[in-house]
Amino acid sequence: MAIGDALLALLLPGPRHGYDLKRTHDEWFAGLRPLAFGQVYSTLARLQRDDLIEIAQTEIGDGPERTVYELTEPGRARARDWLAEPIDPGVTGGVPADELIRKTLAAYRLHADPGGLMSRQRATHLRAMRALEPAPGETDHSAAALGRTGVRDLQRLHLDADLRWLDLTGERIRRLPAPEVGMLPGAVLEYPTTDEPDEPDEPDEGEDPEYTDPNQPAEGARS
C-alpha cells in the first residue's frame, strides 16, 4: 500500500483535502508519475474504511464541495512507522523504486530522520546481498544452475544500484536541508532540542526592575 502510506505521511502536518494531497504528492515526488484524482480518492476511501483517516470537515464555497481528511491515532502511528522502517528487499520483485523514493523523500521533507532511515535501509540491503552470495564450494555448472545464478546476480545488481542511489541521495540531502518543519501547516515530528533560549534574569526578591533612584543624576547630566 505504497500510495496509501505516502498519503498518510502527507497528512502528518495537518488536515488536507484530496486536491491538496495530490498537488503536494506531485510536488514532493516530482519525477514520479503524477497521481490521478481517481487514484487519490479511491485510496482515501480505503484508508477511511480501515480507520486510518477520518473526515475533519467539509468545505463549501463557490467551487465544488471539498472533504478535508485528518489522521486517526492508528493512522498517525502507521505513518510514523512507515517513515522509520526500511523496505524488505526480499519481497518478490525486489524493492519497488517508487516506494523507496517516496519513503526517503517523505522522511526528508518531514524532518523524520532521513539519515537514520537510509542507514537502516542500507544495512537491510547489505544483509539481502550477502544472502544471495553463492554457497561455499558451489560447483554446479548445469543449465539449471546457470539460471539460478543469473537470477541471483540480477537481484544483487539491483540491490547494489539501490545502495548507490541511497549514497547519492544522502549526499544531496546533506547539502540541501529541507524546509523547516515550522514552515509546514502544523507540527509534524517533534524531537527534543538542547538549544534552549536564555531565560531573562529574575530581579532579586523585593527589587522593582523599573525603579530609578530620584537622587541619582540622569545619565549625561554629571559634571
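Colleague: Is Tyr19 buried, exposed or partly exposed?

Modeller: This is a predicted model. Buried means under 20% relative accessible area, and exposed means over 50%. Tyr19 has 35%, so Tyr19 is partly exposed.

Colleague: How many aromatic pairs are there?

Modeller: The count is 2 aromatic pairs. Take Tyr19 and Phe37. Planes under 30 degrees apart count as stacked. The ring planes of Tyr19 and Phe37 meet at 10°, with centres 6.0 Å apart, so this pair is stacked.

Colleague: Which parts does the pair of Tyr19 and Phe37 tie together?

Modeller: Tyr19 belongs to helix 2 (residues 18-28), and Phe37 to helix 3 (residues 37-49). The pair therefore links parts 18 residues apart in sequence. Phe37 is partly exposed, at 38% relative accessibility.

Colleague: And the other geometry?

Modeller: Planes over 60 degrees apart count as edge-to-face. Trp28 and Phe29 form such a pair, with 85° between the planes and 6.4 Å centre to centre. Trp28 is buried, at 8% relative accessible area. Phe29 is buried too, at 2%.

Colleague: What lies over the face of Phe37?

Modeller: For a charge over a ring, NZ of Lys must be within 6 Å of the ring centre. Lys22 lies over the face of Phe37, at 5.2 Å from the ring centre.

Colleague: Where does Gln121 lie, and is Gln121 buried or exposed?

Modeller: Gln121 lies in helix 6 (residues 114-131). Its relative accessibility is 2%, so Gln121 counts as buried.

Colleague: What is Gln121 in contact with, beyond its neighbours within four places in sequence?

Modeller: Gln121 is in contact with Pro86, Ile87, Leu100 and Leu166, leaving those neighbours aside.

Definitions and conventions
Residues numbered from 1 in each chain as written. Predicted model: local features only at pLDDT ≥ 70, side-chain atom pairs only at ≥ 80, totals over all residues. Heavy atoms only, no water. Phe/Tyr/Trp six-rings, centres within 6.5 Å; stacked < 30°, edge-to-face > 60°. Helix = DSSP H or I, 4+ residues; strand = E, 2+ residues; numbered from the N terminus. Buried < 20%, exposed > 50% of the residue type's maximum accessible area, 1.4 Å probe, protein only. Lys NZ or Arg CZ within 6 Å of the ring centre and 35° of its normal. Contact = heavy atoms within 4.5 Å.
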